[in-house]
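Thanks for coming. I will take a few minutes on one structure, so please look at the screen.

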Amino acid sequence: MRTLSGIQPSGKLHLGNYFGYVRPNIEWHKKADVGMIMIADLHALTTMRDPALLRSSIEDMMLDLLACGFDPAKTILFRQSDIPEHTELMWMLSTMTPMGLLERAVSFKEKVEKGIAASAGLFNYPVLQAADIVLYDIDKVPVGKDQQQHLEITRDIIVKFNNAYDDVLVVPEGVIKEDVAVVPGTDGQKMSKSYGNTIPLFGSEKEIQKAIMGIVTDSKGVAEPKDPESCSVFNIHKLFLSKTETEELAAKYKAGGLGYGDAKKLLFTAYMDTFGPMRQKREELQKKPQDIQSVIDEGTKKASVVAKATMAKVRKAVGLR
Ligand code: AMP
């Protein structure tokens with residue numbers, strides 16, 4: 001199995017990214033023949049207009065991912081913009097992509113509704129995504145339910161391309177991340193940087209404490225029995241717990257006597273216990289930027305070999321030198 005997943009460098013990693021993206025991919029890569037993580041900086045240009053911020057976000061993302069435990073021996077970690085073949089293949093694919101296919105993309109409409117400029121780049125985003133995947137002969141792509149449509153678009157484009165040009169590209173299959181829960185934010189909605197309800201992984205201890213203590217709850221008093229399932233503190237805390245520990249915590253909620261303040265303190269302790277070692281690793285890595293660069297250089301080298309081979313096949317297939 002060859003698998004790839006991209007992440008935009010558009011903010012600091014939060015708890016939702018960890019449980020919904022980082023941890024599943026680390027596990028997934030243990031089973032893969034080739035596992036790739038792409039920092040999708042070209043995609044980020046569709047929304048980020050501040051060069052200094054983009055640069056520092058890319059560096060932060062590399063640091064965060066390595067601190068979280070991606071093993072460079074198992075995962076090829078690279079920056080999209082370091083491999084020029086992404087945009088070259090995108091062009092080839094775009095000449096085969098029906099406009100109607102892109103016009104039906106829900107995420108384009110959603111982004112425009114949110115106020116993102118409706119540029120040609122944003123419109124063509126799924127074509128670049130198709131190029132990202134097929135450039136590396138990827139056969140399995142982990143997708144959340146919200147990204148299913150983009151993968152279907154990729155498959156449609158590649159089938160069309162293969163029909164026209166001798167089956168040169170691998171048609172990827174989506175693997176739905178069924179077991180990955182949506183992590184709630186501090187206000188109970190999905191945790192997302194666009195809602196300002198995140199708990200950062202590598203913020204200062206104070207920032208994390210403030211975010212956790214700010215989780216919205218109802219106003220039940222300490223002694224009153226509480227419903228764990230409708231409590232965001234509980235729903236976040238259970239991500240850190242085994243089945244038995246979750247049941248024990250739920251029983252405390254139902255019995256009464258556990259106030260929300262204390263429940264939040266328990267969550268803070270679990271948070272620091274889990275992420276403490278990663279936070280320490282991040283601090284150490286930060287002192288050795290050359291180590292991070294060498295991981296990226298190594299990843300780029302490996303990615304580049306495959307990208308060049310794919311592009312040579314594609315150029316030949318379409319009739320270019
Ligand atoms: P984003 O930067 O918001 O696009 O998130 C990057 C990836 O993190 C997404 O593709 C999801 O897999 C994951 N993710 C983000 N927020 C959450 C969440 N609240 N719950 C679960 N997974 C999430």
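I will go through the ligand site and then some aromatic rings.

The model is predicted, so local features need pLDDT of at least 70 and side-chain atom pairs count only at pLDDT 80 or more, while totals for chains, interfaces and linings use all residues. Residues are numbered from 1 along each chain as its sequence is written, and side-chain values use heavy atoms, with hydrogens and water left out.

Now the distances between polar atoms. A side-chain N or O atom of K193 is 2.7 Å from a ligand oxygen. A polar backbone atom of V183 is 2.8 Å from a ligand nitrogen.

Next, the rings. Phe, Tyr and Trp rings (for Trp, the six-membered one) pair if their centres lie within 6.5 Å; planes under 30 degrees apart are stacked, over 60 edge-to-face, and the rest tilted. That rule gives 11 aromatic pairs. In one of them, the centres of F19 and F275 are 6.5 Å apart and the planes are at 70°, so this pair is edge-to-face. F19 is in helix α1 and F275 in helix α13, 256 residues apart. Both are buried, meaning under 20% relative accessible area with a 1.4 Å probe and protein chains only. Y18, F19, F240, Y271 and F275 form one aromatic cluster.

Definitions and conventions. Polar contact = N/O pair within 3.5 Å; in protein donor to acceptor, adjacent residues only side chain to side chain. Helix = DSSP H or I, 4+ residues; strand = E, 2+ residues; numbered from the N terminus. Buried < 20%, exposed > 50% of the residue type's maximum accessible area, 1.4 Å probe, protein only.
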